[in-house]
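Welcome! Here is a short tour for anyone meeting this structure for the first time. Please keep the sequence and the 3D view at hand as you read.

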Amino acid sequence: MKKNTLSVALLATLLGLAACETKDITPAPNLQGNGTSTNPTNPTTTTKPTVTVETGSAGITTNTTWTANNKYLLKGFVYVGSGATLTIEPGTVIVGDKDTKGALIIEPGAKIMAMGTAAKPIIFTSNQPKGSRNYGDWGGVIITGNAPVNTTTGKQLAEGGVRTTYGGIDAADNSGVFQYVRIEFAGVAFTPNNEVNGLTLGGVGSGTTIDHVQVSYSGDDAIEWFGGTVNAKYLVTHRTFDDDFDTDLGFSGKVQFAVSLRDPLQADQSGSKAFESNNDSGGSTNSPRTSAVFSNVTAIGPILNPGAAVYSPQYTAGVHLRANSAQSLMNSVIIGYPTNVLIDGGVTAATIANGDARFKNNIVAGALSNSNSTAGQRNILYVGPTLGNSNLTPNNTMSSDTAAWSSAVGPLTWFKATANANRRYATADNVQLLNPFNLTSPSFVPRTASPIVSTVPASFTDSKLTDSFFTPVTYIGAFDPSATTSSNWLAGWTNFDPQNTEY
Ligand SMILES: [Ca+2]
Ligand SMILES: [Ca+2]
Ligand SMILES: [Ca+2]
(Lines give C-alpha, C1' and ligand atoms only; values in the text may rest on other atoms or scores of the structure.)
(Ligands and ions follow the chains in the order given, each with its own letter.)
Protein backbone atom coordinates (compact mmCIF):
# COMPACT_ATOMS: atom_id res chain seq x y z
CA MET A 1 0.00 0.00 0.00
CA LYS A 2 1.04 3.54 -0.51
CA LYS A 3 0.72 6.52 1.69
CA ASN A 4 -0.09 9.66 -0.16
CA THR A 5 1.29 12.31 2.06
CA LEU A 6 4.48 12.89 3.83
CA SER A 7 4.04 16.12 5.62
CA VAL A 8 3.67 18.31 8.63
CA ALA A 9 4.38 18.01 12.28
CA LEU A 10 6.42 15.65 14.28
CA LEU A 11 6.98 14.54 17.76
CA ALA A 12 10.57 15.18 18.31
CA THR A 13 13.38 14.66 20.62
CA LEU A 14 16.63 13.25 19.73
CA LEU A 15 18.23 9.97 19.58
CA GLY A 16 21.71 10.11 21.04
CA LEU A 17 24.03 7.69 19.42
CA ALA A 18 27.27 6.21 20.36
CA ALA A 19 28.89 7.17 17.12
CA CYS A 20 31.16 4.55 15.73
CA GLU A 21 34.38 5.25 14.00
CA THR A 22 33.87 7.16 10.78
CA LYS A 23 35.75 5.86 7.79
CA ASP A 24 36.33 6.75 4.22
CA ILE A 25 33.38 5.51 2.21
CA THR A 26 35.53 4.54 -0.72
CA PRO A 27 35.45 0.78 -1.01
CA ALA A 28 38.73 -0.90 -0.40
CA PRO A 29 40.06 -3.34 -2.96
CA ASN A 30 38.34 -6.64 -3.16
CA LEU A 31 40.08 -8.35 -0.31
CA GLN A 32 38.56 -11.73 -0.72
CA GLY A 33 38.15 -12.09 -4.41
CA ASN A 34 34.52 -12.75 -3.74
CA GLY A 35 33.00 -10.05 -5.86
CA THR A 36 29.64 -10.87 -7.27
CA SER A 37 29.84 -9.09 -10.55
CA THR A 38 26.98 -10.84 -12.12
CA ASN A 39 26.24 -9.60 -15.54
CA PRO A 40 25.72 -12.95 -17.06
CA THR A 41 25.73 -14.21 -20.53
CA ASN A 42 22.14 -13.76 -21.43
CA PRO A 43 20.38 -15.92 -23.92
CA THR A 44 20.86 -14.63 -27.42
CA THR A 45 17.36 -14.05 -28.55
CA THR A 46 17.64 -11.47 -31.27
CA THR A 47 17.21 -14.05 -33.95
CA LYS A 48 14.38 -15.83 -32.25
CA PRO A 49 10.89 -15.41 -33.63
CA THR A 50 8.54 -13.31 -31.56
CA VAL A 51 5.27 -14.89 -30.54
CA THR A 52 2.67 -12.29 -29.63
CA VAL A 53 0.47 -13.29 -26.72
CA GLU A 54 -2.71 -11.22 -26.75
CA THR A 55 -5.59 -13.11 -25.24
CA GLY A 56 -7.98 -10.39 -24.18
CA SER A 57 -10.54 -11.43 -21.63
CA ALA A 58 -10.48 -15.04 -22.80
CA GLY A 59 -7.06 -15.57 -21.30
CA ILE A 60 -5.19 -18.86 -21.36
CA THR A 61 -7.55 -21.67 -20.42
CA THR A 62 -5.65 -24.80 -21.40
CA ASN A 63 -2.22 -26.09 -20.43
CA THR A 64 0.34 -24.10 -22.38
CA THR A 65 4.13 -24.19 -22.73
CA TRP A 66 6.32 -21.28 -23.74
CA THR A 67 9.58 -22.53 -25.21
CA ALA A 68 13.04 -21.02 -25.16
CA ASN A 69 13.37 -21.00 -28.94
CA ASN A 70 10.83 -18.17 -29.11
CA LYS A 71 10.54 -14.74 -27.60
CA TYR A 72 7.09 -13.98 -26.22
CA LEU A 73 5.48 -10.54 -26.35
CA LEU A 74 2.78 -9.88 -23.76
CA LYS A 75 0.13 -7.48 -25.04
CA GLY A 76 -2.36 -6.21 -22.51
CA PHE A 77 -3.41 -8.33 -19.57
CA VAL A 78 -2.76 -12.02 -20.21
CA TYR A 79 -4.71 -14.12 -17.71
CA VAL A 80 -4.02 -17.76 -16.98
CA GLY A 81 -7.37 -19.04 -15.78
CA SER A 82 -8.27 -21.57 -13.11
CA GLY A 83 -7.39 -25.11 -14.11
CA ALA A 84 -4.72 -24.12 -16.62
CA THR A 85 -0.98 -24.45 -16.16
CA LEU A 86 1.48 -22.19 -17.96
CA THR A 87 4.89 -23.83 -18.24
CA ILE A 88 7.87 -21.70 -19.23
CA GLU A 89 11.12 -23.32 -20.30
CA PRO A 90 14.46 -22.29 -18.79
CA GLY A 91 16.07 -19.52 -20.81
CA THR A 92 12.82 -18.19 -22.22
CA VAL A 93 12.55 -14.43 -22.67
CA ILE A 94 9.17 -12.76 -22.30
CA VAL A 95 8.86 -9.07 -23.10
CA GLY A 96 6.05 -6.84 -21.92
CA ASP A 97 4.50 -4.47 -24.43
CA LYS A 98 4.97 -0.85 -23.45
CA ASP A 99 1.95 0.57 -25.27
CA THR A 100 -0.58 -1.82 -23.74
CA LYS A 101 1.24 -2.32 -20.44
CA GLY A 102 1.41 -6.04 -20.94
CA ALA A 103 1.11 -8.15 -17.79
CA LEU A 104 0.85 -11.81 -16.85
CA ILE A 105 -1.76 -12.78 -14.29
CA ILE A 106 -1.95 -16.24 -12.77
CA GLU A 107 -5.47 -16.55 -11.38
CA PRO A 108 -6.50 -18.63 -8.35
CA GLY A 109 -6.63 -22.28 -9.33
CA ALA A 110 -4.16 -21.77 -12.17
CA LYS A 111 -0.45 -22.54 -12.02
CA ILE A 112 2.75 -21.13 -13.39
CA MET A 113 5.64 -23.56 -13.78
CA ALA A 114 8.56 -21.22 -14.40
CA MET A 115 11.59 -23.27 -13.52
CA GLY A 116 14.67 -21.49 -14.74
CA THR A 117 18.20 -22.42 -13.79
CA ALA A 118 21.24 -20.42 -12.70
CA ALA A 119 22.61 -20.80 -16.22
CA LYS A 120 19.28 -20.27 -17.96
CA PRO A 121 17.07 -17.91 -16.01
CA ILE A 122 13.62 -17.04 -17.28
CA ILE A 123 13.57 -13.34 -18.12
CA PHE A 124 10.58 -11.01 -18.15
CA THR A 125 11.69 -7.63 -19.45
CA SER A 126 10.74 -4.56 -21.47
CA ASN A 127 10.07 -4.75 -25.19
CA GLN A 128 12.06 -1.56 -25.66
CA PRO A 129 15.56 -1.65 -27.13
CA LYS A 130 18.57 -1.53 -24.86
CA GLY A 131 19.31 1.98 -23.67
CA SER A 132 15.66 2.99 -24.02
CA ARG A 133 14.09 0.97 -21.24
CA ASN A 134 12.57 2.58 -18.21
CA TYR A 135 10.66 2.04 -15.00
CA GLY A 136 7.18 0.76 -15.67
CA ASP A 137 7.56 -0.04 -19.34
CA TRP A 138 5.11 -2.88 -18.81
CA GLY A 139 2.84 -4.19 -16.07
CA GLY A 140 4.46 -7.10 -14.32
CA VAL A 141 3.80 -10.59 -13.05
CA ILE A 142 0.82 -11.14 -10.76
CA ILE A 143 0.41 -14.51 -9.08
CA THR A 144 -2.75 -15.09 -7.09
CA GLY A 145 -4.23 -17.95 -5.13
CA ASN A 146 -6.68 -19.20 -2.55
CA ALA A 147 -4.70 -18.67 0.64
CA PRO A 148 -6.11 -16.38 3.34
CA VAL A 149 -6.21 -12.60 3.14
CA ASN A 150 -7.48 -10.59 6.09
CA THR A 151 -10.22 -8.56 4.47
CA THR A 152 -13.65 -8.93 6.04
CA THR A 153 -14.83 -10.98 3.07
CA GLY A 154 -11.64 -13.04 2.84
CA LYS A 155 -11.33 -11.91 -0.76
CA GLN A 156 -9.55 -9.07 -2.47
CA LEU A 157 -9.71 -7.62 -5.95
CA ALA A 158 -6.27 -7.14 -7.49
CA GLU A 159 -5.07 -3.60 -8.05
CA GLY A 160 -4.29 -1.89 -11.31
CA GLY A 161 -7.48 -2.71 -13.19
CA VAL A 162 -6.81 -6.44 -13.07
CA ARG A 163 -10.05 -8.42 -13.00
CA THR A 164 -8.85 -11.09 -10.60
CA THR A 165 -10.21 -11.64 -7.10
CA TYR A 166 -7.99 -13.73 -4.85
CA GLY A 167 -7.99 -15.15 -1.32
CA GLY A 168 -9.63 -18.14 0.32
CA ILE A 169 -9.20 -20.73 3.03
CA ASP A 170 -6.49 -22.94 1.53
CA ALA A 171 -3.28 -21.92 3.30
CA ALA A 172 -1.40 -24.73 1.51
CA ASP A 173 -2.61 -23.65 -1.92
CA ASN A 174 -0.18 -24.25 -4.77
CA SER A 175 0.24 -21.69 -7.55
CA GLY A 176 3.25 -23.49 -9.03
CA VAL A 177 6.98 -22.85 -9.17
CA PHE A 178 8.73 -19.54 -9.79
CA GLN A 179 12.44 -20.17 -9.78
CA TYR A 180 15.44 -18.41 -11.32
CA VAL A 181 13.33 -15.66 -12.79
CA ARG A 182 14.12 -12.03 -13.52
CA ILE A 183 11.52 -9.30 -13.88
CA GLU A 184 12.82 -6.02 -15.32
CA PHE A 185 11.28 -2.59 -16.06
CA ALA A 186 7.81 -3.59 -14.89
CA GLY A 187 5.66 -2.00 -12.18
CA VAL A 188 3.19 0.77 -12.80
CA ALA A 189 1.54 3.03 -10.23
CA PHE A 190 -1.54 4.14 -12.14
CA THR A 191 -2.74 6.00 -9.06
CA PRO A 192 -1.97 5.47 -5.36
CA ASN A 193 -3.29 2.10 -4.23
CA ASN A 194 -3.91 1.25 -7.86
CA GLU A 195 -0.63 -0.29 -8.79
CA VAL A 196 0.91 -3.20 -10.55
CA ASN A 197 4.17 -4.21 -8.90
CA GLY A 198 7.09 -5.98 -10.49
CA LEU A 199 5.93 -9.15 -8.77
CA THR A 200 2.58 -9.17 -7.01
CA LEU A 201 1.67 -12.13 -4.82
CA GLY A 202 -1.98 -12.11 -3.79
CA GLY A 203 -3.28 -14.87 -1.53
CA VAL A 204 -0.50 -17.19 -2.67
CA GLY A 205 -0.31 -20.38 -0.60
CA SER A 206 2.54 -22.27 1.00
CA GLY A 207 2.39 -25.05 -1.60
CA THR A 208 3.95 -22.61 -4.05
CA THR A 209 7.73 -22.58 -4.58
CA ILE A 210 9.47 -19.23 -5.00
CA ASP A 211 13.22 -18.83 -5.01
CA HIS A 212 15.91 -17.01 -6.95
CA VAL A 213 13.88 -14.07 -8.19
CA GLN A 214 15.37 -10.71 -9.18
CA VAL A 215 13.15 -7.69 -9.75
CA SER A 216 14.92 -4.69 -11.29
CA TYR A 217 13.73 -1.18 -12.15
CA SER A 218 10.20 -1.74 -10.92
CA GLY A 219 8.15 1.42 -11.31
CA ASP A 220 6.22 0.57 -8.17
CA ASP A 221 7.14 -1.95 -5.48
CA ALA A 222 9.52 -4.70 -6.49
CA ILE A 223 7.60 -7.41 -4.62
CA GLU A 224 4.30 -6.88 -2.85
CA TRP A 225 2.53 -9.58 -0.90
CA PHE A 226 -1.18 -9.24 -0.20
CA GLY A 227 -2.03 -11.88 2.38
CA GLY A 228 -1.03 -15.45 1.67
CA THR A 229 1.37 -17.90 3.23
CA VAL A 230 3.99 -18.50 0.55
CA ASN A 231 7.65 -18.67 1.55
CA ALA A 232 10.57 -17.46 -0.52
CA LYS A 233 14.34 -17.66 -0.59
CA TYR A 234 17.00 -15.81 -2.57
CA LEU A 235 15.27 -12.61 -3.61
CA VAL A 236 16.99 -9.63 -5.25
CA THR A 237 15.49 -6.21 -5.74
CA HIS A 238 17.45 -3.70 -7.73
CA ARG A 239 16.75 -0.01 -8.39
CA THR A 240 13.16 -0.23 -7.24
CA PHE A 241 11.20 3.01 -7.51
CA ASP A 242 8.90 2.47 -4.53
CA ASP A 243 9.31 -0.24 -1.90
CA ASP A 244 11.43 -3.35 -2.23
CA PHE A 245 9.41 -5.68 0.00
CA ASP A 246 5.87 -4.54 0.73
CA THR A 247 3.61 -6.73 2.86
CA ASP A 248 -0.07 -6.25 3.50
CA LEU A 249 -3.45 -7.88 4.16
CA GLY A 250 -2.14 -10.60 6.44
CA PHE A 251 0.90 -11.99 4.65
CA SER A 252 2.40 -14.57 7.00
CA GLY A 253 5.10 -16.27 4.93
CA LYS A 254 8.79 -16.60 5.63
CA VAL A 255 11.64 -15.14 3.61
CA GLN A 256 15.35 -15.87 3.96
CA PHE A 257 18.28 -14.53 1.95
CA ALA A 258 17.22 -11.35 0.22
CA VAL A 259 19.10 -8.29 -0.95
CA SER A 260 17.96 -4.86 -2.08
CA LEU A 261 19.95 -2.10 -3.73
CA ARG A 262 18.62 1.38 -4.47
CA ASP A 263 19.33 4.15 -6.93
CA PRO A 264 19.83 7.15 -4.60
CA LEU A 265 18.10 9.56 -6.96
CA GLN A 266 14.99 7.55 -7.83
CA ALA A 267 12.16 7.24 -5.33
CA ASP A 268 8.40 7.41 -5.11
CA GLN A 269 6.13 10.14 -3.78
CA SER A 270 4.56 7.59 -1.43
CA GLY A 271 7.85 7.30 0.41
CA SER A 272 10.34 4.65 -0.69
CA LYS A 273 11.56 1.96 1.66
CA ALA A 274 13.21 -1.42 1.71
CA PHE A 275 10.31 -2.74 3.80
CA GLU A 276 6.84 -1.39 4.17
CA SER A 277 4.46 -3.46 6.22
CA ASN A 278 0.79 -2.93 7.05
CA ASN A 279 -1.81 -5.17 8.58
CA ASP A 280 -4.07 -3.26 6.28
CA SER A 281 -4.16 0.35 5.25
CA GLY A 282 -6.43 1.29 8.13
CA GLY A 283 -4.41 -0.51 10.78
CA SER A 284 -7.21 -2.89 11.70
CA THR A 285 -6.80 -5.91 13.94
CA ASN A 286 -8.14 -8.17 11.21
CA SER A 287 -6.84 -11.73 11.18
CA PRO A 288 -4.67 -13.30 9.93
CA ARG A 289 -2.23 -10.66 10.98
CA THR A 290 0.51 -9.46 8.69
CA SER A 291 3.23 -11.42 10.45
CA ALA A 292 5.84 -12.29 7.85
CA VAL A 293 9.27 -13.28 9.13
CA PHE A 294 12.33 -12.12 7.22
CA SER A 295 15.82 -13.33 8.07
CA ASN A 296 19.19 -12.71 6.44
CA VAL A 297 18.32 -9.65 4.42
CA THR A 298 20.90 -7.14 3.24
CA ALA A 299 19.14 -3.85 2.41
CA ILE A 300 21.29 -1.14 0.88
CA GLY A 301 19.69 2.29 0.88
CA PRO A 302 20.41 5.56 -0.93
CA ILE A 303 22.82 7.20 1.52
CA LEU A 304 26.50 6.59 1.02
CA ASN A 305 27.65 9.32 3.36
CA PRO A 306 25.41 10.30 6.27
CA GLY A 307 27.12 13.66 6.66
CA ALA A 308 26.76 14.70 3.03
CA ALA A 309 23.93 12.68 1.66
CA VAL A 310 22.80 13.08 -1.92
CA TYR A 311 19.54 11.27 -2.33
CA SER A 312 15.91 11.72 -3.25
CA PRO A 313 13.89 13.29 -0.42
CA GLN A 314 11.18 10.74 -1.23
CA TYR A 315 13.20 8.11 0.60
CA THR A 316 11.69 7.42 3.99
CA ALA A 317 13.03 4.43 5.83
CA GLY A 318 14.72 1.08 5.61
CA VAL A 319 12.02 -0.65 7.61
CA HIS A 320 8.63 1.00 7.97
CA LEU A 321 6.35 -0.93 10.30
CA ARG A 322 2.91 0.61 10.38
CA ALA A 323 -0.78 0.03 10.60
CA ASN A 324 -0.71 -2.77 13.16
CA SER A 325 1.78 -4.92 11.29
CA ALA A 326 3.40 -7.72 13.28
CA GLN A 327 6.21 -8.37 10.83
CA SER A 328 9.59 -9.55 12.08
CA LEU A 329 13.10 -8.97 10.83
CA MET A 330 16.09 -10.83 12.15
CA ASN A 331 19.72 -11.51 11.30
CA SER A 332 19.69 -8.69 8.78
CA VAL A 333 21.63 -5.62 7.70
CA ILE A 334 19.98 -2.27 6.96
CA ILE A 335 22.33 0.37 5.59
CA GLY A 336 21.95 3.93 4.41
CA TYR A 337 18.37 5.05 4.83
CA PRO A 338 17.33 8.47 6.16
CA THR A 339 15.83 6.45 8.99
CA ASN A 340 16.77 2.83 9.19
CA VAL A 341 13.79 1.70 11.28
CA LEU A 342 10.54 3.62 11.52
CA ILE A 343 7.90 2.54 13.99
CA ASP A 344 4.74 4.26 12.91
CA GLY A 345 1.80 4.68 15.25
CA GLY A 346 1.00 3.64 18.78
CA VAL A 347 -0.74 0.42 17.79
CA THR A 348 2.32 -0.77 15.92
CA ALA A 349 4.53 0.28 18.81
CA ALA A 350 2.43 -1.79 21.19
CA THR A 351 2.77 -4.78 18.86
CA ILE A 352 6.51 -4.50 19.09
CA ALA A 353 6.55 -3.84 22.81
CA ASN A 354 4.51 -6.97 23.48
CA GLY A 355 6.77 -9.12 21.32
CA ASP A 356 4.37 -9.96 18.48
CA ALA A 357 6.91 -8.46 16.10
CA ARG A 358 10.60 -9.17 16.52
CA PHE A 359 13.60 -7.09 15.53
CA LYS A 360 16.65 -9.04 16.60
CA ASN A 361 20.27 -9.69 15.69
CA ASN A 362 20.22 -6.91 13.13
CA ILE A 363 22.85 -4.40 12.13
CA VAL A 364 21.77 -0.90 11.13
CA ALA A 365 24.23 1.63 9.82
CA GLY A 366 24.64 4.91 8.07
CA ALA A 367 21.33 6.58 8.83
CA LEU A 368 21.08 10.27 8.15
CA SER A 369 23.03 12.29 10.67
CA ASN A 370 22.10 15.88 9.89
CA SER A 371 18.54 15.66 11.08
CA ASN A 372 16.85 18.27 13.22
CA SER A 373 18.19 16.61 16.25
CA THR A 374 21.30 18.25 17.56
CA ALA A 375 23.31 15.07 17.53
CA GLY A 376 23.02 11.51 16.63
CA GLN A 377 21.41 9.62 13.86
CA ARG A 378 17.98 8.42 13.03
CA ASN A 379 18.65 4.74 13.18
CA ILE A 380 15.30 4.22 14.79
CA LEU A 381 12.34 6.55 14.94
CA TYR A 382 8.96 6.31 16.48
CA VAL A 383 6.19 8.50 15.18
CA GLY A 384 2.84 8.54 16.81
CA PRO A 385 0.58 8.04 18.52
CA THR A 386 -1.64 8.04 15.45
CA LEU A 387 -0.65 6.52 12.16
CA GLY A 388 1.94 8.75 10.67
CA ASN A 389 0.44 9.81 7.38
CA SER A 390 0.21 13.34 8.63
CA ASN A 391 3.09 13.09 11.03
CA LEU A 392 6.00 12.10 8.87
CA THR A 393 8.44 14.44 7.33
CA PRO A 394 11.90 13.74 6.03
CA ASN A 395 13.28 15.43 9.10
CA ASN A 396 11.40 13.66 11.82
CA THR A 397 13.29 12.70 14.89
CA MET A 398 12.35 10.28 17.54
CA SER A 399 10.28 10.98 20.59
CA SER A 400 12.10 10.36 23.81
CA ASP A 401 12.44 6.81 24.82
CA THR A 402 10.12 6.80 27.76
CA ALA A 403 7.61 9.37 26.64
CA ALA A 404 7.02 8.10 23.16
CA TRP A 405 5.49 4.77 23.89
CA SER A 406 2.60 4.35 26.17
CA SER A 407 4.11 1.08 27.26
CA ALA A 408 7.03 0.87 29.60
CA VAL A 409 9.47 -0.05 26.88
CA GLY A 410 10.49 2.72 24.54
CA PRO A 411 11.82 2.19 21.04
CA LEU A 412 15.46 2.79 21.78
CA THR A 413 15.35 0.57 24.83
CA TRP A 414 13.72 -2.11 22.72
CA PHE A 415 16.27 -1.76 20.00
CA LYS A 416 19.19 -1.91 22.39
CA ALA A 417 17.89 -4.65 24.67
CA THR A 418 20.49 -7.33 25.22
CA ALA A 419 18.03 -10.01 24.23
CA ASN A 420 17.53 -8.30 20.86
CA ALA A 421 21.25 -8.05 20.11
CA ASN A 422 20.91 -5.29 17.54
CA ARG A 423 23.89 -3.16 16.65
CA ARG A 424 24.25 0.36 15.28
CA TYR A 425 27.07 1.87 13.25
CA ALA A 426 27.62 5.41 12.12
CA THR A 427 28.47 4.75 8.52
CA ALA A 428 27.84 2.19 5.86
CA ASP A 429 31.52 1.57 5.64
CA ASN A 430 31.61 0.45 9.24
CA VAL A 431 29.80 -2.67 8.09
CA GLN A 432 32.60 -3.44 5.63
CA LEU A 433 30.80 -4.93 2.68
CA LEU A 434 32.88 -5.24 -0.45
CA ASN A 435 31.12 -2.84 -2.82
CA PRO A 436 27.48 -2.56 -1.85
CA PHE A 437 26.54 0.75 -3.50
CA ASN A 438 27.77 -0.05 -6.99
CA LEU A 439 24.59 0.03 -9.04
CA THR A 440 25.76 -2.10 -11.94
CA SER A 441 28.30 -4.42 -10.37
CA PRO A 442 27.75 -4.57 -6.64
CA SER A 443 29.17 -6.95 -4.11
CA PHE A 444 27.43 -7.42 -0.80
CA VAL A 445 29.85 -9.97 0.60
CA PRO A 446 31.40 -8.90 3.92
CA ARG A 447 35.10 -8.20 4.12
CA THR A 448 37.14 -10.09 6.65
CA ALA A 449 37.10 -7.04 8.94
CA SER A 450 33.32 -6.80 8.87
CA PRO A 451 31.48 -6.91 12.19
CA ILE A 452 29.32 -9.51 10.46
CA VAL A 453 32.32 -11.79 10.46
CA SER A 454 34.05 -10.87 13.61
CA THR A 455 31.48 -10.58 16.33
CA VAL A 456 27.94 -11.60 17.17
CA PRO A 457 26.75 -14.47 15.03
CA ALA A 458 23.27 -14.86 13.71
CA SER A 459 20.75 -16.60 15.91
CA PHE A 460 17.95 -18.95 15.00
CA THR A 461 16.74 -19.73 18.49
CA ASP A 462 13.79 -17.36 18.34
CA SER A 463 10.54 -19.30 18.04
CA LYS A 464 9.76 -17.48 14.79
CA LEU A 465 12.93 -18.92 13.23
CA THR A 466 12.81 -22.53 14.33
CA ASP A 467 10.68 -23.60 11.37
CA SER A 468 12.55 -25.96 9.08
CA PHE A 469 12.16 -23.47 6.24
CA PHE A 470 14.98 -21.42 7.69
CA THR A 471 18.53 -22.50 7.05
CA PRO A 472 20.48 -21.78 10.25
CA VAL A 473 23.61 -19.90 9.27
CA THR A 474 26.17 -18.12 11.42
CA TYR A 475 26.20 -14.86 9.47
CA ILE A 476 24.01 -11.79 9.49
CA GLY A 477 22.76 -10.51 6.16
CA ALA A 478 22.22 -12.36 2.93
CA PHE A 479 25.75 -13.42 2.11
CA ASP A 480 28.15 -15.92 3.53
CA PRO A 481 31.45 -14.15 4.27
CA SER A 482 33.29 -17.19 3.01
CA ALA A 483 31.38 -17.35 -0.25
CA THR A 484 33.26 -17.57 -3.47
CA THR A 485 32.17 -16.24 -6.82
CA SER A 486 30.96 -19.63 -7.85
CA SER A 487 29.14 -20.40 -4.65
CA ASN A 488 27.60 -16.97 -4.13
CA TRP A 489 23.90 -17.33 -4.75
CA LEU A 490 23.78 -14.32 -7.08
CA ALA A 491 26.18 -15.85 -9.56
CA GLY A 492 25.07 -16.64 -13.04
CA TRP A 493 21.41 -15.77 -13.14
CA THR A 494 21.24 -12.17 -11.92
CA ASN A 495 21.84 -9.03 -13.97
CA PHE A 496 22.56 -5.63 -12.48
CA ASP A 497 22.74 -3.85 -15.82
CA PRO A 498 19.66 -4.89 -17.77
CA GLN A 499 19.49 -1.49 -19.44
CA ASN A 500 22.44 -2.53 -21.58
CA THR A 501 21.58 -6.13 -22.24
CA GLU A 502 20.54 -7.28 -25.68
CA TYR A 503 17.51 -9.49 -25.37
CA1 LIG B 1 4.36 0.28 -1.66
CA1 LIG C 1 2.46 -1.47 -4.55
CA1 LIG D 1 5.99 3.43 -0.76
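A residue is called buried if 20 or more other C-beta atoms lie within 10 Å of its own, exposed if 12 or fewer, and partly exposed in between, with C-beta atoms placed from the backbone. This is a predicted model, in which local features need pLDDT of at least 70 and side-chain atom pairs count only at pLDDT 80 or more, while totals for chains, interfaces and linings use all residues. Residues are numbered from 1 along each chain as its sequence is written, and chains are lettered from A and ligands numbered from 1 in the order in which they are written.

**The whole chain**

- The secondary structure of the protein chain comes to four helices and 33 strands; helices (H or I, at least four residues) and strands (E, at least two) are DSSP runs, numbered from the N terminus.
- Of the 503 residues in the protein chain, 59% count as buried.
- Contacts here are pairs of residues whose C-beta atoms, placed from the backbone, lie within 7 Å. Among contacts between residues at least 6 apart in sequence, 74% join residues at least 24 apart.

**The nonpolar core**

- A nonpolar core is a set of buried Ala, Val, Leu, Ile, Met, Phe, Trp, Tyr and Cys residues joined through C-beta atoms within 7 Å.
- The largest such core has 129 residues, and those with the most contacts inside it are Ala103, Ile105, Ile142, Ala258, Val319 and Val431.
- Leaving aside residues up to four places away in sequence, isoleucine 105 touches Phe77, Val78, Tyr79, Val80, Ile142, Val162 and Thr164.

**Strand E17 and its partners**

- Strand E17 (residues 209–216) is largely enclosed by the rest of the structure, because six of its eight residues are buried.
- Two strands pair if DSSP finds at least two bridges between them. Strand E13 (residues 176–184) runs parallel to E17, and seven bridges join them; phenylalanine 178 has isoleucine 210 in E17 as its bridge partner.
- E17 also pairs with strand E19 (residues 232–238) in the parallel sense over five bridges, and aspartate 211 stands opposite lysine 233 in E19.

**Helix H1**

- Six of the eight residues of helix H1 (residues 346–353) are buried, so the rest of the structure largely encloses this helix.
- The buried residues in H1 are Gly346, Thr348, Ala349, Thr351, Ile352 and Ala353.
- Glycine 355 follows H1 and has a positive phi, near 90°.

**Around serine 325**

- Serine 325 is found in the loop between strand E24 (315–322) and strand E25 (328–330), and is buried because 32 other C-beta atoms lie within 10 Å.
- Not counting residues up to four places away in sequence, serine 325 touches Ser277, Asn278, Asn279, Thr290, Thr348 and Ala357.
- Arginine 289 is 36 residues from serine 325 along the chain, and their C-alpha atoms are separated by 7.0 Å.

**Backbone details in loops**

- Arginine 239 lies in the loop between E19 and strand E20 (245–248), and has a positive phi of about 55° although it is not a glycine.
- Lysine 101, in the loop between strand E6 (93–96) and strand E7 (103–106), is not a glycine either, yet has a positive phi of about 50°.
- A cis peptide bond with omega about -5° joins serine 287 and proline 288; proline 288 lies in the loop between strand E22 (272–277) and strand E23 (293–300).

Technical notes: Two residues are in contact if their C-beta atoms, placed from the backbone, lie within 7 Å.
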